[in-house]
Amino acid sequence: MLKKLLTFFLAAYTALAFAAVDANKATSAELTEVKGIGPATATRIIDARKQGPFKNWDDLIARVKGIAPTSAGKLSEGGLTVNGQTFKPSANQSATKAKATTPDPAQAKPAQTTGKKPEKM
């Protein structure tokens with residue numbers, strides 16, 4: 001019986017810890033509970049929201065300074081939503097990210113040696 005009770009409270013705590021925080025409805029305190037959002041970012045979100053609710057993640061990214069597609073993905077993983085939706089990068093954002101992370105072979109540097117002379121055979 002004790003195990004079941006403990007399991008129930010642990011499950012309830014976990015559900016509350018990962019509860020979604022909607023950018024259009026959350027208070028400053030609720031926003032700062034999301035990992036990656038500090039007081040300054042929470043203030044920028046609330047100030048941008050005064051112009052009108054965010055339509056989607058792209059709208060939030062465009063209107064809130066400091067939130068880019070990469071950080072939006074991390075904030076979404078931390079529990080932030082926009083109109084109940086988690087962040088899904090658009091095809092354009094995915095292509096930009098892939099292009100930025102793919103190294104250009106023409107710019108590759110040659111491997112450095114340790115400064116030792118090659119051994120003679």
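Reader: Before anything else, what is a nonpolar core?

Author: A nonpolar core is a set of buried Ala, Val, Leu, Ile, Met, Phe, Trp, Tyr and Cys residues joined through side-chain atoms within 4.5 Å. The model here is a predicted one, and the largest nonpolar core in it has 20 residues.

Reader: Which of those 20 residues touch the most other members?

Author: Leu31, Ile37, Ile45, Phe54, Leu60, Ile67 and Leu80 do.

Reader: And which helices each supply at least two residues of this core?

Author: H3, H4 and helix H5, which covers 69–77, each do that.

Reader: Take isoleucine 45. What does it touch, not counting residues up to four places away in sequence?

Author: Isoleucine 45 touches Ala23, Leu31, Ile37, Phe54, Val64 and Ile67 on that count. Isoleucine 45 is also one of the buried residues of helix H3.

Reader: What are the buried residues of H3, then?

Author: Helix H3 runs over residues 39–49, and its buried residues are Thr41, Ala42, Ile45, Ala48 and Arg49.

Reader: Why are they on the same side of H3?

Author: Because they cover an arc of only 130° around the axis. As a general point, an α-helix has 3.6 residues a turn, so residues three or four places apart point the same way.

Reader: What covers the buried residues of H3?

Author: The cover includes helix H2 (28–32) and helix H4 (57–63).

Reader: Let me step back. How many helices and strands are there in the chain?

Author: There are six helices and two strands. Along the sequence they follow the pattern α-β-α-α-α-α-β-α.

Reader: How much of the chain is buried?

Author: Of the 121 residues in the chain, 26% are buried. The accessible surface is about 9600 Å², and carbon and sulfur atoms hold 61% of that surface.

Reader: What about contacts between residues at least 6 apart in sequence?

Author: Of those contacts, 48% join residues at least 24 apart.

Reader: New topic. How many salt bridges does the structure hold?

Author: Two. One joins the side chains of lysine 50 and aspartate 47, at 3.6 Å from N to O. The other joins aspartate 59 and arginine 63, at 2.9 Å from N to O.

Reader: Is lysine 50 buried or exposed?

Author: Lysine 50 is exposed, with a relative accessible area of 66%.

Reader: Last topic, the loop between E2 and H6. What is the phi of asparagine 83?

Author: Phi of asparagine 83 is near 55°, a positive value in a residue other than glycine. Asparagine 83 is found in that loop and is partly exposed, with a relative accessible area of 44%.

Reader: Where is glycine 84 found?

Author: Glycine 84 is in the loop between strand E2 (80–81) and helix H6 (91–101). Glycine 84 is exposed, with a relative accessible area of 52%.

Reader: What separation is there between the C-alpha atoms of glycine 84 and alanine 20?

Author: Those C-alpha atoms are separated by 7.8 Å, while the two residues are 64 residues apart along the chain.

Methods
Residues are numbered from 1 along each chain as its sequence is written. This is a predicted model: local features need pLDDT of at least 70, side-chain atom pairs count only at pLDDT 80 or more; totals for chains, interfaces and linings use all residues. Side-chain values use heavy atoms; hydrogens and water are left out. Buried means under 20% relative accessible area, exposed over 50%, partly exposed in between (1.4 Å probe, protein chains only). Helices (H or I, at least four residues) and strands (E, at least two) are DSSP runs, numbered from the N terminus. The arc is that of the directions from the helix axis to the C-beta atoms. Contact means heavy atoms within 4.5 Å. Accessible areas come from the Shrake-Rupley method with a 1.4 Å probe; for residues, only the protein chains shown count as cover. A salt bridge is a side-chain nitrogen of Lys or Arg within 4 Å of a carboxyl oxygen of Asp or Glu.
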